[in-house]
Each structure stands twice: as C-alpha cells, then as structure tokens.
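Please consult it alongside the sequence and the structure shown here.

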Amino acid sequence: MLGFIIRPPHQLLSLLLCPGLRIPRPSVLCAQPRPRAMAIFSSSWELPLVAVCQVTSTPDKQQNFKTCAELVREAARLGACLAFLPEAFDFVARDPAETLRLSEPLGGNLLGEYTQLARECGLWLSLGGFHERGQDWEQTQKIYNCHVLLDNKGSVVATYRKTHLCDVEIPGQGPMRESNSTIPGPSLESPVSTPAGKIGLAICYDMRFPELSLALAQAGAEILTYPSAFGSVTGPAHWEVLLRARAIETQCYVVAAAQCGRHHEKRASYGHSMVVDPWGTVVARCSEGPGLCLARIDLRYLRQLRQQLPVFQHRRPDLYGSLGHPRS
C-alpha cells in the first residue's frame with residue numbers, strides 16, 4: 001500500500017513506502033513551503049523521479065541482494081529513473097576479519113548481479129558503499145569503501161572510494177575503526193551526468209567535511225548523495241542537521257539512503273533516509289524499517305534559487321582558500 005503526498009505544483013511530489021512496502025495508515029511528511037518568490041509552476045509529473053532505498057543489511061550477502069532487488073524493482077515499477085542504495089548495501093559484518101572475508105572485487109559475482117538488475121529494470125543504480133577488493137588487495141589485505149554508479153545498461157560509469165574514514169569513539173555507540181580494514185580513497189570523482197541531474201558521489205562520514213561538498217558543487221554537481229550507516233547516538237543528533245546544511249550551503253539536492261535497525265548483535269543503524277532540496281527542505285523521508293521513499297528533482301528550481309541567491313559568486317577564496325589544512 002502506498003501513502004501519497006500530493007503537493008501543489010510548485011512543490012515536489014513525494015511518495016512514502018513503509019516497512020515491507022506496506023503502510024498501516026497514511027504517512028505524513030512535514031515540510032515548510034518554499035518562499036513564494038522561488039515557486040516553480042511546471043508540472044511535477046514532467047520531473048525526473050528518484051528512489052531512496054532503506055535496508056537492514058546483515059552478513060548474509062544473498063539475502064541482502066534479494067531485499068535490495070525487491071526495492072529496486074518496486075522503484076522501477078513506480079517510474080523512478082535512478083535508485084539509491086545505502087552504504088554497506090552488500091553486507092554489514094560482525095568484525096573486520098569477516099568484512100575482509102566477505103569482500104569482493106568490482107568484477108565479482110555480486111556486482112554482476114546488480115549489473116543484471118540495472119539492465120532488467122532499465123534504471124540507474126547508486127550502489128552506496130561496496131566492500132571492494134582493489135587491485136592492491138594482495139599487497140595490502142585491505143579494502144576500499146566504494147560508491148559505484150551503474151547506468152541503465154548495467155555499465156559502471158563512476159566509482160568513488162571513500163576518502164574520510166570513520167575512526168571515532170562515541171560514548172553509548174561503541175568505537176568505530178574503519179581503517180582497521182579499509183584504505184582511504186585517493187581522490188574525488190567528478191560529478192556524473194544522469195537522467196536526474198549531475199551527481200556528486202560521497203559516502204556517510206564524508207558529510208562532516210563541507211570542503212568535499214563545496215568542491216563537488218563547484219565542479220558542477222546538482223545532486224549530492226550520502227549513502228550511510230549512521231549510528232544510534234550520532235543519528236538523532238547530527239543526521240538531518242548535516243544533510244540540510246550540505247544542501248543549503250551548496251544549493252544542491254541531497255539524497256541520503258541509509259541503513260536502519262539491528263544488523264546483528266554488535267551493530268544497529270539509525271535509518272531516516274531522506275531527500276533534501278536546495279532550500280534545505282526535507283521533501284521525502286523513509287518511515288521506520290526497510291522500505292523506500294521517492295522524490296522528483298526540479299533542476300529549474302535549483303537554477304532559479306542559485307540565480308536569486310548567488311552565494312558562489314560571493315565567495316572569497318582569497319581569505320579562506322586553505323580551509324582543508326589541520327588546525328595548528
């Protein structure tokens with residue numbers, strides 16, 4: 001059962017799907033209306049539709065694929081041109097040793113299944129954080145956290161390897177040492193043209209570094225994507241705030257597919273997958289549990305907003321061009 005939220009023509013259409021693709025009662029999405037001066041009156045049905053998938057991955061890779069494939073097929077049935085899957089869509093392991101054991105190269109069986117799925121459904125796939133055995137696997141015995149973008153023919157059009165690794169200790173959430181099994185990526189990926197707009201690729205912890213999002217926006221990104229597996233302590237405190245901040249400061253859409261619920265006895269994730277528009281309004285949001293939400297991407301609105309509020313023309317790199325350096 002679908003919960004439809006139909007907005008006036010100047011706003012985005014959002015559809016929400018609850019756990020198990022069923023909704024016991026209509027979901028309500030609370031969002032502030034856009035300022036009248038920034039309204040867009042084109043028909044929302046002409047705008048590209050994107051799907052944001054929320055899952056609870058486990059160490060069972062085949063069951064995870066089955067769950068993701070069901071959501072992707074549902075997204076295609078509803079008319080989405082692009083579906084976003086979260087970080088660790090392939091699996092969430094119990095420890096670094098299991099992570100390394102379950103990892104695969106990009107040419108392995110699992111990516112092959114997603115390639116076939118993209119072709120079968122005829123839509124693009126953002127595979128938000130694949131545990132990749134790179135070409136240096138034999139030397140390093142470590143992997144990359146790799147965001148893979150497939151087109152509707154199943155071809156790999158872009159890969160981004162997570163550059164900021166999550167090595168943190170949050171009271172109440174347990175320590176996270178991503179670097180125990182993962183190598184940081186060496187570079188950013190240029191924004192990629194898709195049927196929904198130009199997408200800048202990032203992953204989870206990257207959202208805490210505005211320099212990355214600004215660099216992608218300056219390179220032409222219109223949509224920033226942060227596939228994630230946020231924890232139960234940082235999630236309520238920072239998740240929505242950071243996503244809305246990245247949207248406002250870059251004047252981009254932000255798409256954040258998230259892991260949710262308990263993966264196994266050692267780990268749980270916050271969920272709350274969402275889409276944020278360039279004004280900072282949450283225009284689509286997943287309910288609790290696995291499911292998906294959908295939103296239309298209005299690039300005409302994005303361009304109008306950038307014209308009316310031209311912050312990138314007002315930047316002063318002569319004053320703060322080296323913000324990426326550590327504090328002294």
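In this predicted model, strands β12 (residues 223-225) and β13 (residues 253-256) run parallel and are joined by three bridges. Thr225 has Val255 of β13 as its bridge partner. Both strands belong to an open sheet of six strands with mixed pairing, in the order β10-β11-β12-β13-β16-β17.

**The six-stranded sheet**

- The edges of the sheet are formed by β10 (192-194) and β17 (282-285); each has a single partner strand, so one side of each lacks a neighbour in the sheet.
- From one strand to the next, the twist averages 25°.
- Strands of a sheet pair through backbone hydrogen bonds, in either a parallel or an antiparallel arrangement.
- In contrast to the parallel pair β12 and β13, strands β16 and β17 run antiparallel, and three bridges join them.
- A hairpin is formed by β16 and β17, with five residues between the two strands. Gly280, located in the turn, has a positive phi of about 95°.

**Helix α6 and its place on the sheet**

- Helix α6 (residues 234-250) lies across β12, β13, β16 (274-276) and β17, and runs at about 30° to β16.
- The 17 residues of α6 should span 24 Å at 1.5 Å a residue, and the 23 Å between its end C-alpha atoms agrees with this.
- Buried positions in α6 are Thr234, Gly235, Trp239, Leu242, Leu243, Arg246, Ala247 and Thr250.
- These residues lie on the same side of α6, because they cover an arc of only 125° around the axis.
- Pro236 and Val241 are exposed, on the face of α6 turned away from its buried side.
- Gln251 follows α6 and has a positive phi, near 55°.

**Helix α3 and its surroundings**

- Helix α3 (residues 109-121) contains 13 residues; the distance from its first C-alpha to its last is 19 Å, close to the 18 Å expected at 1.5 Å a residue.
- The buried residues in α3 include Leu110, Leu111, Tyr114, Thr115, Leu117, Ala118 and Cys121.
- They share the same side of α3, because the arc they cover around the axis is only 160°.
- Asn109 and Glu120 are exposed on the other side of α3.
- Among the elements covering the buried residues of α3 are the helix α1 (61-77) and the strands β4 (82-85), β5 (124-132) and β6 (144-150).
- Just after α3, Gly122 adopts a positive phi of about 70°.

**The protein as a whole**

- The protein contains eight helices and 18 strands.
- Of its 328 residues, 55% count as buried.
- Among contacts between residues at least 6 apart in sequence, 71% join residues at least 24 apart.

**Confidence in the model**

- The average pLDDT of the protein is 87, and 85% of the residues score at least 70.
- Residues 1-42 have a pLDDT below 50; in the model, this stretch has 105 contacts beyond near neighbours in sequence.

Methods: Residues are numbered from 1 along each chain as its sequence is written. This is a predicted model: local features need pLDDT of at least 70, side-chain atom pairs count only at pLDDT 80 or more; totals for chains, interfaces and linings use all residues. Side-chain values use heavy atoms; hydrogens and water are left out. Two strands pair if DSSP finds at least two bridges between them. Helices (H or I, at least four residues) and strands (E, at least two) are DSSP runs, numbered from the N terminus. Axes are lines fitted to C-alpha atoms, for helices over the stretch in contact, and angles run from 0 to 180 degrees between N-to-C directions. Contact means heavy atoms within 4.5 Å. The expected span of a helix is 1.5 Å times one less than its number of residues. Buried means under 20% relative accessible area, exposed over 50%, partly exposed in between (1.4 Å probe, protein chains only). The arc is that of the directions from the helix axis to the C-beta atoms. pLDDT is the predictor's confidence in each residue, from 0 to 100.
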